[in-house]
Amino acid sequence: MTMLEKPAFPPGADAEQYARSLDEEDHLRSFRDKFIIPSKENIKTKKLEKPDISDEPSIYFCGNSLGLQPRATAKYVQAQLDAWSTVGVHGHFRDLEGSPLTQWQLLAEHTAKLSAPIVGAQETEVAVMGSLTTNLHLLMASFYLPTASKHKILLDWKAFPSDHYAIESQIRGHGFDPKEAMILIGPDEGEYEISTEKILSIIDEHATTTALFLMPGLQYYTGQRFDMQKITAYAQSKGLLVGWDLAHAAGNVPLDLHDWNVDFAAWCTYKYMNAGPGAIAGLYIHERHGTVDYSEGSDKPIFRHRLTGWYGGDKVGRFNMDNKFKPSPGASGYQVSNPSALDLSALCASLSVFNETSMLEIEKKTIRLTGYLEHLLLSGTEAATRAFRIITPSDPGSRGTQLSILLKPGRLDTLSEMLDEAGIVADKRKPDVIRIAPVPLYNTYTEVWKFVQIFKAALAKCENEIGNMSNGVAKITVK
Ligand SMILES: Cc1ncc(COP(=O)(O)O)c(C=O)c1O
């Protein structure tokens, strides 16, 4: 993993004026206008309303859950509604002048091309399809081929429940016992960060009995980013196939899946990729797993096993209806169904914004913006007196935008109510964590500054209410 330098902040960085000066210098500042920022009133409303009913924007730090809507989305989706209402079924095969998009038959491929730079893949290594958990199942159907002696899966100790369930059911479906076959990789007792050495040592310990390594590239709860390149190479050297769940990494941190030689990966697009709630997902298959070999005859394609459907068939023969499956080469050969053109359009709208910059440029701001958040949270108090602890690694190379703040027990509900009241959108994870994700494309340094003032005041109030507070800081250390 490349070493990233931690930003330094001068004395005076705690002043609002300093935050404003960072916004003025921000090389991505023009991007904020490309998104619809809900107002403070909007965010609390219980009625369906048009956005912007007041000028005071909320502070939206929840792009790790649902990214904000790009202004381009309405135009892109409307174009598809118009295509459907004007040319009906012909929209599948007809490019329409004036449309920002292609005919529906080519739209998934077009979207895959736009997605490839975000994950560092070749264009043919990406397919845009389905949803994250469904895709993980499809990928395991192809990449989890256990034998009696080699059937374990190495996964994250706090895997997102859907990943945990998917892996558990795959293992069970093959007739093995999840209790024995699911090997959870976790940190040392009392810690949250998992060292690369620990991961490699667990790989060593189980290599001879393991079929698959499947971890998140960036952990949803702690915000830790793993050294995907090093871990991939090591696990593969021990005979494991390696897949990554990039739900929290895609659109958040630069990725180089092809050069890292990753076998497969999957991600959703509704978080950092701003494609909308439940939007269509993406997957990556290394080119070596997408080859189709006709050396045994044109009717006998040789290809990696997968669960097939007609949209994985080569475009040339897809409508021959001859029930002879010839996969499309590359990741598109893993497609199953006809994808939703409306969904694809929403993702294309967001990708059009991403592709005006690059993940490396985005990362430059992430390092400063999240670094500033960390600096302000920690400044002015001693670790021993804080009522919270940041459990996300402090090394910028081991995290993305998100900081996870572990509160002392009993504060979460009151604190998050106060944040809600102040128009701050953050995400709470029971029992005691709030996750704050300032997103470089639409969040500002001034928002970070305001958030920290409100967070500290809310926490102080919480402490007062609980009754063990002295001068705005708690007496008990968070373990
Ligand atoms: C790490 C991770 N895996 C899986 C999922 C589930 O995604 P989906 O509901 O799109 O299948 C999520 C959703 O937030 C997630 O964060």
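**View 1. The surroundings of the ligand in a predicted model.** In this predicted model, the ligand is surrounded by Leu132, Thr133, Phe160, Asp163, Asp245, Ala247, His248, Tyr270 and Lys271, where a residue counts as near a molecule if one of its heavy atoms lies within 4 Å of it. An oxygen atom of the ligand is 2.5 Å from an N or O atom in the side chain of Thr133, and a nitrogen atom of the ligand is 2.7 Å from an N or O atom in the side chain of Asp163. His248 also takes part, with a polar side-chain atom 3.0 Å from an oxygen atom of the ligand. Of the 400 Å² of accessible area that the ligand has on its own, the protein covers 82% (areas by the Shrake-Rupley method with a 1.4 Å probe).

Residues are numbered from 1 along each chain as its sequence is written, and side-chain values use heavy atoms, with hydrogens and water left out. Local features need pLDDT of at least 70 and side-chain atom pairs count only at pLDDT 80 or more, whereas totals for chains, interfaces and linings use all residues.

**View 2. The largest nonpolar core.** A nonpolar core is a set of buried Ala, Val, Leu, Ile, Met, Phe, Trp, Tyr and Cys residues joined through side-chain atoms within 4.5 Å, and buried means under 20% relative accessible area (1.4 Å probe, protein chains only). Of the 70 residues in the largest such core, those that touch the most other members are Ile199, Ile203, Phe213, Trp244, Leu246, Leu257 and Trp267. Helix H10 (residues 341-354) gives the most to this core, with eight residues; helices are DSSP runs of H or I with at least four residues, numbered from the N terminus.

**View 3. Trp267 and its contacts.** Leaving aside neighbours within four places in sequence, Trp267 is in contact with residues including Val119, Val126, Leu132, Leu246, Ala247 and Leu257, contact meaning heavy atoms within 4.5 Å. A second, separate core of 34 residues includes Leu412, Leu415, Met418 and Phe451.

**View 4. Thr73 in helix H3.** Thr73 is found in helix H3 (residues 72-87), and this residue counts as buried because its relative accessibility is 11%. The side chain of Thr73 reaches the backbone oxygen of Pro70 at 3.0 Å, while Ala346 and Ala349 are its contacts once neighbours within four places in sequence are left aside.

**View 5. The two domains.** The protein is divided into domain 1 (16-60 + 359-474) and domain 2 (104-352), with bounds that come from an automatic or database domain assignment. Their C-alpha centres lie 31 Å apart, and the contact takes 24 residues from domain 1 and 20 residues from domain 2.

Key: Buried < 20%, exposed > 50% of the residue type's maximum accessible area, 1.4 Å probe, protein only. Helix = DSSP H or I, 4+ residues; strand = E, 2+ residues; numbered from the N terminus. Polar contact = N/O pair within 3.5 Å; in protein donor to acceptor, adjacent residues only side chain to side chain.
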